[in-house]
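The following explanation is intended to be read alongside the sequence and the structure shown here.

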Amino acid sequence: MRRTDQMTGLVVFAGAVAFSATAWRQYAYWGENGPGPGFLPLWLGVAMAGLAALLFAGATRSRAVGAPWLPRGAGRRRLLAVLLATALFVALLDVVGMIFGTALFLAAILRLVERHAWPTALGVAAGAAAVNYLVFTYWLRVPFPVGVLGF
Amino acid sequence: MDLLTNLVLGFSIALTPFNLLMAVLGVIVGTLIGALPGIGPTSGVALLLPLTFGMSPTSGIIMLAAIYYGSMYGGTITSVLINTPGESASVVTCIDGYQMALQGRAGPALGVATIGSFIAGSLGVVLLMLMSPTLARWSLSFGPPEEFALMLLGLTTVTGLTGTNALKGYMSMVFGLMLAMAGFDIVSGRPRYTGGVTEMLDGFDFLPVAIGLFGMGEVLAGAEQAIDTRILRGRYGFRDCLPSTADWMRSRWAMLRGSVLGFFIGILPGAGATIASFLSYTVEKKVSRHPEEFGHGAIEGVAGPESANNAASAGAMVPLLTLGIPGSGTTAVLLGGLMMWGLRPGPLLFEKNPDFVWGLIASMYIGNVLLVILNIGFIPLFVRALRVPYSILMPLIIVFCITGAYSLNNKVWDVGQMLVFGVLGYAMKKLDYSPAALTLALVLGPLAERALRQSMIISDDGLGIFVLRPISAVLVALALAAVAVPVVRGARGAMARRRGLAAS
């Protein structure tokens, strides 16, 4: 975690400086009779830069290397598979529709990632899609994206 | 006895069959909505507000208020069972509630939350009834400096919760405040930090961020592990959900402290159930004889905050009804409803619409009784419903997160935002940052900024206004003390370690 903290410190420091710089350049620091829209952001950026510098310094001084925080092997594969499937679902939400997308997403995760039997995967997928439809579309009238299939 | 006459009037209204039915429905629907991750009281009340337009205002507010406190309780269920708060006031319940669930003690955690909520809710309504005129006058004297000082105190105490790493807690908090800067500036109306994206003009909504950080983050952290069903084992019969005598002895004062603290925080404009729950947790940790158990399943860490957030939702009704100032996001939505019914909240409401005010107050007594009966009965049912393998529950939670984030504004943009914060929440969790501090800062950011700038505008002494006014001076001093404690403790720890190294 030591290397990660160092990196985080540097990245956050740079981000905080940019945040303050934007506040200074683009938003008024002082208005007609009090602080303007740039006042608080500027100081927040300064505070964050200070905290990030402390994090970097602390991590650099620390002798403990610490365990890696990202998983390896099977854990990493599962994490990436779930993340990828979710991102794909969200990206294609307008194309596949919320209800059909829900079924597709669940079937894919349950069968391909979690290795459940087909009947379990399809049953849960169909059931959850139906509940989703009943609660959100039918009852709460949330206008879900319908996608090319119409649901 | 004016009060008694009013109360009799109120009960005669609240006990009509239709109003009673609305209270029952509201409590059940509210609990269900609160239990869905990502759909908290605010969105629940907002989504169901249109349903009440066919009713009389009194029946409508009875149902909406029932949804409000029902969902306050429902949020506890998911906090304890799957570490996913339904709304920000239950964030703090996750800390020890989920730990208790991991130890197979989800039943007592939920039981103590129900009992605490009942005690707090009932006490809150009594206080609301007795003290609303006086308290309304008192909070009327609160200016922007006091509001800002109070929010500052709320923010700094959060870092006491993050436990392992105060520095990273402050970083999380400042990051939340920075996120809160995005969108229209409330004073000047100018857009800030939008990157030219239209969707960013409204800034970061609390809900997609919270769903992402907590719901999605937890799911991703769970996904990298092999299937983990620890939480689903254990006994969850009706008897197992009743807290033991030892649990009761440990949590009774926590409940009482949480109730009183929660009510008084709840009545302050801008503060609310979230701050109340965080403060209650901090207080319990400080007064506890075994503070080291906090974060590892201390029952007081559930009892106190859960009592506090329910008492705060009763307290939040005081400024709403007497001043027309909402004390929380949900009461802001309720205010919108009142105005649509043509009612003008304020001191005159008590004189002009006594049937409405007292009907609501009486229904809150009834609602609390309903809540405890329904929930003691429902706990085993909820636990059974969640006794599903995590490998099946996990993708289902993701679907909940997506639908919850979407149904806020019906925008895919919010879903994308939720996903980004999900990845961030995962990293924060793994690297000892505090998603809770970030979330609270995001919620309070705009309110705190407005109070800060208004204070500076009315001030002749710049920042001096915060220390020259007695109430804000005390609050600021407390906030600074909250910052100093972890720093001093860290420095002493480092010195002790160095001495230890030198000695060896």
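Which residues of the largest nonpolar core touch the most other members? The model is a predicted one, and in it this core holds 180 residues, of which M48(A), L106(A), M171(B), V174(B) and A441(B) touch the most other members. Helix α4 of chain B, residues 57-82, contributes the largest share of the core, with 15 residues. V174(B) also shows how the two chains meet in detail: beyond its neighbours within four places in sequence, V174(B) is in contact with L44(A), A47(A), M48(A) and L51(A).

The contact between the chains takes 52 residues from chain A and 41 residues from chain B. On the chain B side, at least two residues each are supplied by α8 (166-180), α9 (206-223), α17 (390-409), α18 (412-430) and α19 (435-458). Of these, α17(B) gives the most, with 10 residues. The side of chain B that touches chain A is made up of 27 nonpolar, seven polar and seven charged residues.

Within chain B, a pair of helices may be examined next. The axes of α10 (residues 245-267) and α11 (residues 273-287) of chain B come within 9 Å and cross at roughly 145°, and the crossing of α10(B) past α11(B) is right-handed. From α10(B), the contact draws on A254(B), R257(B), G258(B), L261(B), G262(B), I265(B) and G266(B). These face A273(B), I275(B), A276(B), L279(B), S280(B), V283(B) and E284(B) of α11(B) in the contact. By class, the residues of the contact between α10(B) and α11(B) comprise eight nonpolar, four polar and two charged.

Technical notes. Residues numbered from 1 in each chain as written. Chains lettered and ligands numbered in written order. Predicted model: local features only at pLDDT ≥ 70, side-chain atom pairs only at ≥ 80, totals over all residues. Core = buried A, V, L, I, M, F, W, Y, C linked by C-beta atoms within 7 Å. Buried ≥ 20, exposed ≤ 12 C-beta atoms within 10 Å, placed from the backbone. Helix = DSSP H or I, 4+ residues; strand = E, 2+ residues; numbered from the N terminus. Contact = placed C-beta atoms within 7 Å. Axes fitted to C-alpha atoms, helices over the stretch in contact; angles between N-to-C directions. Left-handed = near helix turned anticlockwise from the far one by under 90°. Nonpolar A, V, L, I, M, F, W, Y, C, P; charged D, E, K, R; others polar.
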